[in-house]
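Entries follow in the order I checked them.

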Amino acid sequence: LSNVGNDAIDAGMIGIDQSTGAVKVMVGGKSYNSADQYNNATDAERQPGSSFKTITLATAIEQGMSPDTLFDCSSPMTIHLQNGTDWENLQNYGNHDYGTISLARMTEVSANTGYAQVINLIGPDKVAEMGNRLGIDKELPANASLTLGTTTVSPYQMAEAYATIANGGVHIDPYTIEKVEDTNGNVIYEASPNETQSISPSVAKTVTGILEGVMTDGTGTYGMPSINQPVAGKTGTTENVRDLWFCGYTPQITVAIWTGISQEQPMKIGYRDAQTSDLPLPIFRKFCNQALADYPREEFPTANDPDFKPNEDWGGVDLDRTQKEQQEAEEEQQRLEEEQRKKEEEEERKRQEELEQQQQQQNQNNGATNGNTGGNVNDGGAAVVPPGNVGGDDGGGETPDIGGDDGGDIGGD
């Protein structure tokens, strides 16, 4: 935070060991000695932006949507919602037009128009219910904009939800106090968190695989640590850049990071808008590089793939049809190019014929002119031309030479 030159920007961070539920890291703000001592990690509820798309993703995978399911992610777009209303002029960040891409790819690039279609297909109520199952302990409104993170949550709640996915779908109640003993060493309290299989291991594995792509080929690349560990996560940016988030995990720990201004103002760095690459991503990267530097490599939980429904069952872009249409379009283009080639060849042939006809006509005209010139001279026209000036190259030829080989020079162009 000290490197961005905006003292108003604050942060909150929580880190949970997903295998036990133990809270390993809690940062309530950039200064514990601040006047209000407000804990941004637990108490600050702010819109999570696109980091909430992971909840929608888990719901879609659970319902049988394949990571390869294709959607039109153009921008802007109007979505016809199940409730009969239209979500008009929906745009991707920067109004970027991604065209037709897969569910996995649109997660990597965080395509809003694609995810609006997904939640409309699977149902906002299902997404809200998934959020509660994963660990967000509050009522979530069942509306389409939920997928874009318009409902406020805390970093603690987001970390708990992501930890469930990181733990193979097993939700463990987080705790901050492991044990309490009296002065005699008697255990007064010891944490015994509840464990629940909230989603199947196969769903959790599939979601994790897609979120790994976010880190290697998507919006999270700037937060990729240099440690020898697999990393999965998702960025989030809210309207007018009032909040910047990153929620991610390794096999050892799940982290949620929020950055913003307490008064909910747009964040600026110099004269430009702040970005996730300025704040939450480098915080995550530096944290992991230091905290996990000495940990041996581990892997995420594995499982079989879920049973996926055909792409066309979702009303998305039919892959086979798309490939067929593309092939047909290419064949049509080749046909048109061949027609154009033949047309140009025919036009060139006709042009050559016209040129040949013009040349023949010109030669005929030249011959006629030459004949007339010779005849006039032989008929007495030479009486006005000195014979020495009309003959061959040396000027000494006879008058009849005018109508001979050299006559073309007189009757020509």
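I count two strands as paired if DSSP finds at least two bridges between them. Helices (H or I, at least four residues) and strands (E, at least two) are DSSP runs, numbered from the N terminus.

The model is predicted, so I noted its limits: local features need pLDDT of at least 70, side-chain atom pairs count only at pLDDT 80 or more, and totals for chains, interfaces and linings use all residues. Residues are numbered from 1 along each chain as its sequence is written, and side-chain values use heavy atoms, with hydrogens and water left out.

**Sheet.** I started with β11 and β12 (residues 243-249), which pair in the antiparallel sense over six bridges. Threonine 237 stands opposite leucine 244 in β12. I then traced the open sheet of five strands: the order is β2-β1-β13-β12-β11, with antiparallel pairing. β2 (23-27) and β11 (232-237) stand at the edges with a single partner strand each, so one side of each lacks a neighbour in the sheet.

**Cavity.** I found one cavity of 30 Å³ or more. The largest cavity has a volume of about 60 Å³, volume being the space filled by probe spheres set on the points, which are joined across faces, edges and corners. Its lining includes Ile16, Asp17, Glu160 and His171. α5 (155-166) and β7 (170-172) each supply at least two lining residues.

How values were computed
On a 1 Å grid over the protein atoms alone, a cavity is a set of points where a 1.4 Å probe fits but cannot get out, and a pocket is an open set with protein on both sides within 12 Å along at least five of seven lines; lining residues have an atom within 4 Å of a point.
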